[in-house]
Amino acid sequence: MKTKNKIQLVIILALMALWLPISIDKLINFTLFKSAMVQQPFADSLGRLLAYTLPLIEFATGILFVFPKWRLLAFRSSIAMMLIFTGYVALALLKVWEDIPCGCGLVFNQLGWVAHLWLNLIFLIISIVGCILEKNIRSLQIPLKSEPAIK
């Protein structure tokens, strides 16, 4: 197995280990998660919408990594979510809002905001590197159906 493929596999497993347990925890503890989302510094209706959609998006992202055809979408989804979450944490650290509950679940809600920012940045970088590797690996693959040679 080539080095790129090994790195890619480690990245995929790391991102699956992030998105799947977090989404499952939010679904298992849905009442608590929904309550935290409604307490966020945006409209309650947006908080309710996110409470219902975010765990599903996170779960779908984790599952999409299993299917090679959908990995690029999974990486892009992971990048988008990590950009949004990282921006949100950065705004919290800048004290744009007063007290903000963390709706992350699992061990992440025990992190301080600075540690949370660093963790998000690490997973953002991992997602970006994985996306780049995925594009490189795809560009090197031989197509299944070859075009006839032009004579």
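Is M82 buried or exposed? In this predicted model, M82 has a relative accessibility of 3% and therefore counts as buried, the limit being under 20%.

**Surroundings of M82**

M82 lies in helix α4. Leaving out residues up to four places away in sequence, M82 touches L18, W19, N120, F123, L124 and S127. L18, for its part, is in contact with M82, F108 and F123 once its neighbours within four places in sequence are set aside.

**The largest nonpolar core**

The largest nonpolar core has 24 residues, and those touching the most other members are L15, L18, W19, F65, F75 and M82. Two or more residues of this core come from each of α1, α2 (30-38), α3, α4 and α5 (113-140). The greatest contribution is that of α1, with eight residues.

**The nonpolar surface patch**

On the surface, I24, I28, F59, I63, V66, F67, W70 and L73 form a nonpolar patch whose accessible area together is about 720 Å². The elements giving two or more residues to the patch are α1 (3-28) and α3 (44-64). One of the patch residues, F67, is found in the loop between α3 and α4 (71-93). F67 is classed as partly exposed because its relative accessible area, 42%, falls between the limits of 20% and 50%.

The table sets out the two residues for which accessibility is given here.

| Residue | Relative accessible area | Class |
|---|---|---|
| M82 | 3% | buried |
| F67 | 42% | partly exposed |

Key:
Residues are numbered from 1 along each chain as its sequence is written. This is a predicted model: local features need pLDDT of at least 70, side-chain atom pairs count only at pLDDT 80 or more; totals for chains, interfaces and linings use all residues. Side-chain values use heavy atoms; hydrogens and water are left out. Patches are made of residues with over 30% relative accessible area and no salt bridge: like charges are joined within 9 Å, nonpolar side chains (Val, Leu, Ile, Met, Phe, Trp, Tyr) within 5 Å. Accessible areas come from the Shrake-Rupley method with a 1.4 Å probe; for residues, only the protein chains shown count as cover. A salt bridge is a side-chain nitrogen of Lys or Arg within 4 Å of a carboxyl oxygen of Asp or Glu. Helices (H or I, at least four residues) and strands (E, at least two) are DSSP runs, numbered from the N terminus. Buried means under 20% relative accessible area, exposed over 50%, partly exposed in between (1.4 Å probe, protein chains only). A nonpolar core is a set of buried Ala, Val, Leu, Ile, Met, Phe, Trp, Tyr and Cys residues joined through side-chain atoms within 4.5 Å. Contact means heavy atoms within 4.5 Å.
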